[in-house]
Amino acid sequence: MESSVAHTADQERQRRSRTSPWPRYDEAALGFRDYWYPAMASYKLRRRPIALRILGEKLLFIRHQGRCFAIEDRCAHRGMPLSIGRCEFPGTNTITCRYHGWTYDVGNGVCVAALTDGPDSPVVGKAKIKTYPTEERKGLIWVFIGDGAPPALEEDLPEELLRPDAVLGVRVTLRAGNWRLAAENGLDPSHAAYLHRNSWLTLFRKFPAAKTNVAPQIVDQWVGYTQTAPLMEADYPGLGVWPNGEWWKRPRKGSPTKTQLRLPGYLRVNPFPASGIVHFEWYVPVDERHHRYFQFSVKWTSGFKALQFRLAYWFWWRWLAHVQFNGQDARMVKFMDPFYAEEDGWKREKLYRPDVGLTAWRKHCHEHARAVQKIAGASDEPRAEIF
Ligand code: FES
Ligand SMILES: [Fe+2]
């Protein structure tokens, strides 16, 4: 046991000490701070508070009189999760810790009573827990993980997503694997041509054998790539022609799909899964080995057409695109994670030509990310106090 701990610590030291062109990205196992992130669908948060881990931090979401609040899920007294607490004073914006009854205002995090120390407790007004800014837009709760005043939500989200006529089909899942592997998988131009060629969605679609001349392209804040016409079929020396035996498949018509990745870690694929629909996905770090995966299918429409799209999403696209097609990605990220987390993969990987988009993304994060999230709790200043 001891030797395996020492081995892991040694690996960690080596990993951190290596010289890399994107050290801030290497350090961002828990993601980037000072950004808005999606937390959950609004309808999920009702009377019962919901505890979530986001970027390694423990948050508790509470709905009081219709408004959504997010606080640190940790009592200032002895660290008890407030998620097992209760609202002792209905009608007030408070939550009371289950252990000794410290009671907090969920709006500003200030301890407004320590029930078991009497109304004159010196703790009142002094002890405090962290609060997080939240917003509810497009049927989702968004939370700002960072320090100081948050920027407007609009600054962190694509403008088209917040438009009143944007109709969203949403799926949220907890997935295994570090968020960076998921984000890189999203942008990765070459995996689609192999991994996804036999998905249900692409049963009749002919995929190219190989991408050609992939080059990174950064437009506004989006990291993407360009490519020349792909090789639909190729003769691999000593092996033969590939792909073969796909006579029933036809190449996709219409404009080429544009895939772009943006800080703090979300993807836009236009169009996907069909023309007229744009796909977004967010990779929200949970801890170093898991991320919360938000998938949005978006169409800009209204009235009867919006209803039609919702039905099409729920009965068709959700299963084909969000569940089965992107489920193939989920498996890859899960299986790849141990290599990066336990076997020093960031140092041992061997990248190839189509990966230039990934390295452009890593460099972009290193240069432009607002702040790196520290290992859980490391950003706090731990200081014991007696009131
Ligand atoms: S641990 Fe919360 S009141 Fe004591
Ligand atoms: Fe994929």
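**Buried cysteines, an exposed patch and the overall fold**

Cys-97 is buried, its relative accessible area being 5%, where buried stands for under 20% relative accessible area, exposed for over 50%, and partly exposed for what lies in between (1.4 Å probe, protein chains only). The model is a predicted one, in which local features need pLDDT of at least 70 and side-chain atom pairs count only at pLDDT 80 or more, while totals for chains, interfaces and linings use all residues. Residues are numbered from 1 along each chain as its sequence is written, chains are lettered from A and ligands numbered from 1 in the order in which they are written, and side-chain values use heavy atoms, with hydrogens and water left out.

Cys-68 is likewise buried, with a relative accessible area of 6%. A disulfide is taken here as a pair of cysteine sulfur atoms within 2.5 Å, and by this rule the count comes to 0 disulfides. Cys-68 is accordingly in no disulfide, and the nearest cysteine sulfur, which belongs to Cys-87, is 15 Å away.

Turning to the chain as a whole, the protein chain has 8 helices and 23 strands, these being DSSP runs numbered from the N terminus (H or I and at least four residues for helices, E and at least two for strands). Its C-alpha trace spans about 85 × 60 × 35 Å along the principal axes. The radius of gyration, taken over C-alpha atoms, can be set against a globule rule of 2.2 Å times the number of residues to the power 0.38; for 387 residues a compact globule would have a value near 21 Å, and the 24 Å of the protein chain agrees with this. Of the 387 residues, 47% count as buried. Among contacts (heavy atoms within 4.5 Å) with a separation of 6 or more, residues 24 or more positions apart account for 62%.

The surface comes next. The protein chain exposes about 20100 Å², of which carbon and sulfur atoms supply 55%, with accessible areas from the Shrake-Rupley method and a 1.4 Å probe, and for residues only the protein chains shown counting as cover. Phe-304, Leu-307, Leu-311, Trp-314, Phe-315 and Trp-316 make a nonpolar surface patch of about 750 Å². Such patches consist of residues with over 30% relative accessible area and no salt bridge, nonpolar side chains (Val, Leu, Ile, Met, Phe, Trp, Tyr) being joined within 5 Å and like charges within 9 Å; a salt bridge is a side-chain nitrogen of Lys or Arg within 4 Å of a carboxyl oxygen of Asp or Glu. Phe-315 is placed in helix α6 and is exposed, with a relative accessible area of 64%. Ala-312 is also found in helix α6, which covers residues 303-342, but counts as partly exposed at 28% relative accessibility.
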